[in-house]
Amino acid sequence: MSYYVVKKAVAARDFPSSKTGKQVVKLTAGQVVQADDCGKFSNTSLNKVHLPVLVSGVHRWVHDAYLLAISDRQAAALLHGESWLGKKPGSKAIAWYNSTDSGKSDPKPTSEAYCTVGAMWGASQGTDLGSLISRTVAKLETKARKKGIWHVKGGNYEPKPGDLVQFKASGKSTATHTELLACKAGSTLNTINYNASKVCKRQTRKVSDDYTYGYVELTY
C-alpha cells in the first residue's frame, strides 16, 4: 500500500507526535509515499493518529489527516504522472498509443488528444485498459459509456485515484479534455494534466465547475 499526500507542506517526523516528534522532512501535495508496515500510532490526548511511511527508504511518521491510502497499482499510475511534471510528454504518449492494439488500427492521435492519450498512458502503468484505449477525447467517452464505466458528475459514483476525469467546453456536446485523477478532496479534484499547453502539470479543479463533466471508472 501507498499514500497520496493531500495537503501542502506536510511534516514527516521521527516520532509520532506533533509536539515531541522532530520534523525531518516536509512532504508536498501530490507526492506519493510508500506505507511502512509497522502499525499506526494513536495519541488519544491529542486526538491524532500518525501513520508510518517510508521517505527515501527511511521510516517516518505523518498525521493521517494528510494522507490518502491508495493501492500500489494506483500509486504506479500517479507516480508516472509525477515523473512527467514540468516536461512535455506528448511525443512519448503518442508513441505509447501507437504501440497498443488500438494504435495499430488507428494510429493518428492529434495534438489535441495528447491530454487523453497521456492520461491513459499514466493509468496503464497500474491497470490494463484493454479496448478502452482511444485516440481522441470523444472516443474515450463513447467507449466508456458503452462499457458502463462513464459517470456524470453529481451522480452516485465517487471517483477514486487513478480514474480519468473528463471535461467539456461550453457549447460542446461531448468531452473535450481528459486528465488523470490524483484524488478527490471534498469538492476539489486534484488532477494530473498531461497537456497543459503541452506540459504536464498538476491541476486543481472544482467539481461544481461547469467545465467538469464526468468520470471514467477504472479498476486497479
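Which residue stands opposite Val53 in E6? In this predicted model, the residue opposite Val53 of strand E6 is Ala35. The report below describes strand pairing, a helix contact and a pocket.

**Strand pairing**

Strand E4 takes part in two pairings, as the table sets out.

| Strands | Residues | Sense | Bridges |
|---|---|---|---|
| E1 and E4 | 2-5 and 32-35 | antiparallel | three |
| E4 and E6 | 32-35 and 48-55 | antiparallel | two |

**Helix contact**

Helix H1, residues 72-84, packs against helix H4, residues 114-123, with the two axes 7 Å apart. The angle between H1 and H4 is about 130°. Angles over 145 degrees would count as roughly antiparallel and those from 65 to 115 as roughly perpendicular, so H1 and H4 are oblique to each other. On the H1 side, the contact involves Ala77, His80 and Trp84; on the H4 side, Trp121, Gly122 and Ala123 take part. By class, four residues of this contact are nonpolar and two are polar, while none is charged.

**The largest pocket**

The largest pocket of the model has a volume of about 210 Å³. Its lining consists of 14 residues, of which Val6, Lys8, Ala29, Asn190 and Thr204 are the closest to the pocket centre. Strand E1, which also pairs with E4, supplies at least two residues of this lining, as do strand E12 (188-196) and strand E13 (199-206). The lining comprises six nonpolar, five polar and three charged residues.

Key: Residues are numbered from 1 along each chain as its sequence is written. This is a predicted model: local features need pLDDT of at least 70, side-chain atom pairs count only at pLDDT 80 or more; totals for chains, interfaces and linings use all residues. Side-chain values use heavy atoms; hydrogens and water are left out. Axes are lines fitted to C-alpha atoms, for helices over the stretch in contact, and angles run from 0 to 180 degrees between N-to-C directions. Helices (H or I, at least four residues) and strands (E, at least two) are DSSP runs, numbered from the N terminus. Angles under 35 degrees count as roughly parallel, over 145 as roughly antiparallel, 65 to 115 as roughly perpendicular and the rest as oblique. Contact means heavy atoms within 4.5 Å. Ala, Val, Leu, Ile, Met, Phe, Trp, Tyr, Cys and Pro count as nonpolar, Asp, Glu, Lys and Arg as charged, and the others, Gly among them, as polar. Two strands pair if DSSP finds at least two bridges between them. On a 1 Å grid over the protein atoms alone, a cavity is a set of points where a 1.4 Å probe fits but cannot get out, and a pocket is an open set with protein on both sides within 12 Å along at least five of seven lines; lining residues have an atom within 4 Å of a point. Grid points are joined across faces, edges and corners, and a volume is the space filled by probe spheres set on the points.
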